[in-house]
Amino acid sequence: MGRDTLTGSRIRERRSIAGIRQAELARQIGISASYLNLIEHNRRRIGGKLLVDIARALGVELSMLTEGAEAALIATLKEAAADAGAGGMAGAGGVAAETDRADEFAGRFPGWAEVLAAGHRRIALLERTVETLSDRLTHDPRLAASLHEVLSTAAAIRSTASILAKTEELEPEWRDRFHRNLNQDSRRLAESSKALVNYLDESDTPEDSRGVPQEEVETFFASHSHHFAGIETGQIQSEAQFEALIRAVPELTSGAARVIARAALEQYAQDAVVMPDQPFQQALDQDGLDPVALARRFGTDLASVFRRVATMPESVLATEVGLVICDASGSILFRKPVTGFALPRFGASCPLWPVFTALGRPMVPIRRTVSQLGRTVARFDCLAVAWPQDTPGFDGDPQYRSVMLILPIPAEKGPDQDVQPVGSTCRVCPRHDCRARREPSILSKEF
Amino acid sequence: MSRKVMLIEDEPNIIEAIRFLLTRDGWEVETHSDGTDAVAVICAAAPDLLILDVMLPGKSGMDILRDLRELKELAALPVLMLTARGQARDRELAEKMGVSRFMTKPFSNTEVLTAVRDLHAQASRP
């Protein structure tokens, strides 16, 4: 029985809700009570003026009788049946759900149908929770880092102990060194195990998986070389089109990643409207990569220009560019890497980066030539500015974000007088006497 | 002729143990601890075999492996990957990227030594 043939059931349901007797309704609309009874039991098709009269008499919209309130319910029932089939649940009694009769089921047993639909929604919610927890176990960078620390230390201990136990004629200096390493590693193992247990004890929120969704989003953007032709041409502009684009991306496995990707794409689209692709490229040709000139030409702010520049193909800019966006806490929200400028995958970055300096002077553009300490001596022109995300109300605190454009300086451009040394993250930074250091480096002083 | 192993690992005591182990087995061992410039360092060292940790500062071992396989001269370099994450999908990802052997921490010295010898022998066969 199709949905259009359930009009009679809906009329009966609405009549009951309105507290009108069948005979009374029949009288009001000028038909016999027995004919209305046949209609209400779906034994007579109904439409046209008679249906309009019934809707008026019952005080409901016509669509409530033709489509009913159960459209969403029926959709959920069909979804539940499809999921049960996909999950192998339909085979329990060897009988699949009669999806072609979902309308009839919802119409005749609305209470049971609602129970089934609510159960399905609950299962979906629990599945998402399981997915989130599983995702966290797999990808939580803090958990992964803790486990990595424990297992790496265990590996060092096992390997060192094995050398000590099995190597015949081990030179005294080697033996002493390995004993020292063993002692050091066993202490580290005790500490890292304790830290891991504390972390598992303290963090019971499945949402606490910082960093991971951002990585998925960055992978997604990188796979498009940070340039989305569909948005540039206006082919992707509606909510549904953004949603379809995001849903089609296998890298965006978590809901959080999809939400972040959506926000990033919407920001991209807004910037592209203010600074359309072709005019922006022409402006780059004329003015060069001069963000202030570009901002004035397009009547926009520097932060938007920085973001827009980072979406331009390398062939247009004739150079690689990197981009880092952080919030007021210093948490990195988005990264576009650039060769030679190390952006840590996990944990906090170097506090000397201009993107963080800009947070201390909101709205004031900051430009620094920096060089990351390490084996490479590449220099970068870093342009940063912190901007308020929205307009705060009176006496409201503005929420700032900071963005930094990273432009490599060609090696042939001669030495700079004023190069600010920065690091990637403290753990791999060799600058031991840095006043901004948070934690010791794993690199020895001789490195 | 000396056989050269490049070890990319950020754990100093693992470096020391593996260096000792392989040096005793007749290998020349070069080490590096940062993922950021690892590909350039490997290119410059031109090793016979690479031992590569997955979780490295700057750039992950997976990314390094992917970059190596795109370089003509290093596309066939035997790579033994060490990781604290032994999950099936990490292994599958590494295999897809062309890893020669995948080993989870904590490993035994014998396992490492055997893997290094096997991989080198396989690569040396005409």
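Let's start with the contact between the two chains. Chain A puts in 28 residues and chain B puts in 26 residues. This is a predicted model, so keep that in mind throughout. On the side of chain A that touches chain B, two elements give two or more residues: α9 (141-166) and α10 (172-202) of chain A. The largest share comes from α9(A), with 13 residues. By type, that side of chain A divides into 13 nonpolar, 10 polar and 5 charged residues.

Now chain B by itself. What are the elements, and in what order do they come? There are 5 helices and 5 strands. From the N terminus on, they run β-α-β-α-β-α-β-α-β-α. Of the 126 residues in chain B, 47% are buried. Next, sequence separation. Take the contacts in chain B between residues at least 6 apart in sequence: 57% of them join residues at least 24 apart.

The strands of chain B form an open sheet. The order is β2-β1-β3-β4-β5, and the pairing is parallel. At the edges stand β2 (27-32) and β5 of chain B, each pairing on one side only. From one strand to the next, the twist averages 20°.

One pair in detail. Strand β3 (residues 49-53) and strand β4 (residues 79-83) of chain B run parallel and are joined by 4 bridges. Leu50(B) has Val79(B) in β4(B) as its bridge partner.

Which strands does α5(B) touch? It packs on the sheet against β1, β3, β4 and β5 of chain B. The direction of α5(B) makes about 175° with that of β5(B). Then there is helix α2 (residues 38-45) of chain B. That helix lies across β1 (3-8), β2 and β3 of chain B. Its direction is at about 170° to β1(B).

Most peptide bonds are trans. The bond from Lys105(B) to Pro106(B) is cis, with omega near -5°. Where is Pro106(B)? In the loop between β5 (101-104) and α5 (109-124) of chain B.

Over to chain A, and its sheet. This one is open too, with 6 strands in the order β2-β1-β5-β4-β3-β6 and mixed pairing. Why do β2 (332-336) and β6 (419-422) of chain A each have one side without a neighbour in the sheet? Because they stand at the edges, each with a single partner strand. Neighbouring strands here are turned by 30° against each other on average, direction ignored.

Again, one pair. Strand β1 (residues 322-327) of chain A pairs with β2(A) in the antiparallel sense, over 4 bridges. Val324(A) stands opposite Arg335(A) in β2(A).

Next, helices in chain A. Two packed helices are described by the angle between their axes and the distance between the axes. Take helix α2 (residues 22-29) of chain A and α3(A). Their axes come within 8 Å and cross at roughly 105°. The two helices are therefore roughly perpendicular to each other. Which residues meet? From α2(A), Gln22(A), Ala23(A), Leu25(A) and Ala26(A); from α3(A), Ala33(A), Leu36(A) and Asn37(A). That contact divides into 5 nonpolar residues, 2 polar and no charged.

What about helix α17 (residues 302-311) of chain A? Of its 10 residues, 9 are buried, so the helix is largely enclosed by the rest of the structure. The buried residues of α17(A) include Phe306(A), Val305(A) and Val309(A), and also Arg307(A) and Arg308(A).

Last, two phi angles in chain A. Most residues other than glycine have a negative phi. Asn42(A) is not a glycine, yet has a positive phi of about 60°. Asn42(A) sits in the loop between α3 (33-40) and α4 (48-58) of chain A.

Met363(A) has 14 C-beta neighbours inside 10 Å, so it counts as partly exposed.

Conventions
Residues numbered from 1 in each chain as written. Chains lettered and ligands numbered in written order. Predicted model: local features only at pLDDT ≥ 70, side-chain atom pairs only at ≥ 80, totals over all residues. Buried ≥ 20, exposed ≤ 12 C-beta atoms within 10 Å, placed from the backbone. Contact = placed C-beta atoms within 7 Å. Nonpolar A, V, L, I, M, F, W, Y, C, P; charged D, E, K, R; others polar. Pairing = 2+ DSSP bridges. Axes fitted to C-alpha atoms, helices over the stretch in contact; angles between N-to-C directions. Parallel < 35°, antiparallel > 145°, perpendicular 65-115°, else oblique.
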